[in-house]
Amino acid sequence: MEATVDEDDGTFTNISLADDTVDGGSAALYTKQENELITMNCDIDGDMENQVEVEEKTRLINQVLELQHTLEDLSARVDAVKEENLKLKSENQVLGQYIENLMSASSVFQTTDTKSKRK
């Protein structure tokens, strides 16, 4: 196996020779990029596990964000309902007072004094 160095970028160029073998395998010189690629291929199981973990984390993060938005929406809805409830209570108090005033002003709703009529 021969390798030449490219003067322009400092990378190796592989020249394959059919009879070059080391320990039953072919002898080869690899560039840094090729070594990284080979390492990545060797670690594919680890990368797959990491990728699954990353996907799971991403899914969980998205789910948490969705639940946070839902909680914010529900909280805003609760605040709106509380506000409406306070308005309705206030209106009910005004109406109750109005009805009470009408009843006290009307002779139909006046309480009769049973003691004075019996005498």
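**Calls and cut-offs in a helical chain**

The protein chain holds three helices and four strands. This is a predicted model.

Colleague: What is the pattern along the sequence of the protein chain?

Modeller: Read along the sequence, the chain goes β-β-β-β-α-α-α.

Colleague: How many of the 119 residues are buried, as a percentage?

Modeller: Buried residues make up 1% of the 119. Buried means under 20% relative accessible area.

Colleague: What makes E56 and R59 a salt bridge?

Modeller: Their closest N and O atoms are 2.7 Å apart. The cut-off is 4 Å between a side-chain nitrogen of Lys or Arg and a carboxyl oxygen of Asp or Glu. The pair is within that limit, so it is called a salt bridge. A search of the whole structure finds one.

Colleague: Why are E56 and R59 separated by about one helical turn?

Modeller: Because they are three residues apart in helix α2.

Colleague: Which residues gather in the patch of negative charge?

Modeller: D79, E83, E84 and E91, on the surface. Asp and Glu count as negative. Like charges are joined within 9 Å.

Colleague: Why does E84 count as partly exposed?

Modeller: E84 has 41% relative accessibility, so partly exposed is the class. Patch residues need over 30%, so E84 passes that test as well. E84 sits in helix α2, residues 44-105.

Colleague: What does UniProt place at residues 57-91?

Modeller: The unreviewed entry gives the feature "coiled-coil region" there. In the model, that span is 100% helix and 0% strand. Its end C-alpha atoms lie 51 Å apart.

Colleague: Which residues form the nonpolar patch on the surface?

Modeller: Y98, I99, L102, M103, V108 and F109. Together they have about 650 Å² of accessible area. Nonpolar side chains are joined within 5 Å.

Colleague: Why is F109 called exposed?

Modeller: F109 has a relative accessible area of 52%. Exposed means over 50%, so F109 is exposed. F109 is found in the loop between α2 and α3 (114-118).

Conventions:
Residues are numbered from 1 along each chain as its sequence is written. This is a predicted model: local features need pLDDT of at least 70, side-chain atom pairs count only at pLDDT 80 or more; totals for chains, interfaces and linings use all residues. Side-chain values use heavy atoms; hydrogens and water are left out. Accessible areas come from the Shrake-Rupley method with a 1.4 Å probe; for residues, only the protein chains shown count as cover. The place of a charge is taken as NZ of Lys, CZ of Arg, CG of Asp or CD of Glu. Helices (H or I, at least four residues) and strands (E, at least two) are DSSP runs, numbered from the N terminus. Buried means under 20% relative accessible area, exposed over 50%, partly exposed in between (1.4 Å probe, protein chains only). UniProt positions are given in the numbering used here, feature names are shortened, and annotations may be inferred rather than shown by experiment.
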